[in-house]
Amino acid sequence: MSKKPYRLITIILAVMLVFGAFSMIGTAAVNSMSALDEPMIKVASGSGKAGDAVDVAISLENNPGVASMRLLVGYDTSSLKLVKVEDKGLLGSAAHYMGPEFAQPYTLLWSNGTAKTNFTANGTIAVLQFEILQGAKSSQVTVTYNARSDIHNVDLKPVSFATENGTVSVAAVPSPTPAGGGSGSGGSVPASTGSIYDLNGDSKVDSKDFAILLLYCGFDKSSSNWSTLAKVKDSKGKGITASSCDVNRDGVIDMLDLIDLFIHYTK
Ligand SMILES: [Ca+2]
Ligand SMILES: [Ca+2]
């Protein structure tokens, strides 16, 4: 019976989500329409489950001609491990730097100091292979550069590209339900025990957790009370902190966390 208000909240929030999603799609459509011929560095998206290797291509579109390029590829080290980087040779023989280890952010560098002409090819310039770690969450792979110093043409003039980030989506791993019992410690252990999405600790991920997360929307890790602020308590009377509501661990509590939690609802 006490579920009713939550059901209502769920419906209201679902409607908000749908409208939010539409406005995001709308914005993306407008952006891409206004940028049809804009030089673009694009990070592809991929998906897999924990343990899988996923290739993420980085490509150029509408390349106006460059001689050198330095890009920083950012990724969530708690979800992804960079295991391989492949240069596709489109930007000359001065292949990108591969560091002693795959640091984060990873630096891609094409340095053609003696090039006489620009490289104008479009397409995939590099492919990064990530391993999806255990307990990984869907996360972004970003590409950034310093507009003043990182991309030049042969005249040493800076060249500007828009960037588009990619996402490595992590497929839900089927919960290990012990067939016929035996391996489990107690016949009916809820699959979500200990789930980061179970904010109130009641062994379910549902509209109650969603409503709690909503309370913290807008907070980010620059907030002084990020890890101490507790607006509500969990089922054991322990304060639920803002930081624990950042379920996708990107340092801000926003629509992405709501969606992430929503798709992890129990049952
Ligand atoms: Ca819960
Ligand atoms: Ca977040």
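Author: In this predicted model, the protein chain has 3 helices and 13 strands.

Reader: What makes a residue count as buried, and what percentage of the protein chain is buried?

Author: A residue is buried if 20 or more other C-beta atoms lie within 10 Å of its own, and buried residues make up 24% of the 267 residues in the protein chain.

Reader: Why is the largest nonpolar core called a core, and which of its residues touch the most other members?

Author: The term requires buried residues of listed types, Val and Phe among them, joined through C-beta atoms within 7 Å; the largest such set has 31 residues, of which Val73, Phe130 and Val168 touch the most other members. Among the elements giving two or more residues to this core are β1 (40-43), β3 (53-61) and β11 (166-170), while the largest share, 5 residues, comes from β7.

Reader: What does Val73 touch, leaving aside residues up to four places away in sequence?

Author: Val73 touches Pro105, Tyr106, Leu108, Leu128, Val141 and Val143 on that count.

Reader: How do you know that β1 and β10 pair?

Author: Pairing needs at least two bridges, and β1 and β10 have 3, in the parallel sense, so by that criterion they are paired. In β10, Glu164 is the bridge partner of Lys42.

Reader: Why are β5 and β10 described as edges of the open sheet?

Author: The order of its 5 strands is β5-β7-β3-β1-β10, with mixed pairing; β5 and β10 (162-164) each have a single partner strand, so one side of each is left without a neighbour in the sheet.

Conventions. Residues are numbered from 1 along each chain as its sequence is written. Chains are lettered from A and ligands numbered from 1 in the order in which they are written. This is a predicted model: local features need pLDDT of at least 70, side-chain atom pairs count only at pLDDT 80 or more; totals for chains, interfaces and linings use all residues. A residue is buried if 20 or more other C-beta atoms lie within 10 Å of its own, exposed if 12 or fewer, and partly exposed in between; C-beta atoms are placed from the backbone. Helices (H or I, at least four residues) and strands (E, at least two) are DSSP runs, numbered from the N terminus. Two residues are in contact if their C-beta atoms, placed from the backbone, lie within 7 Å.
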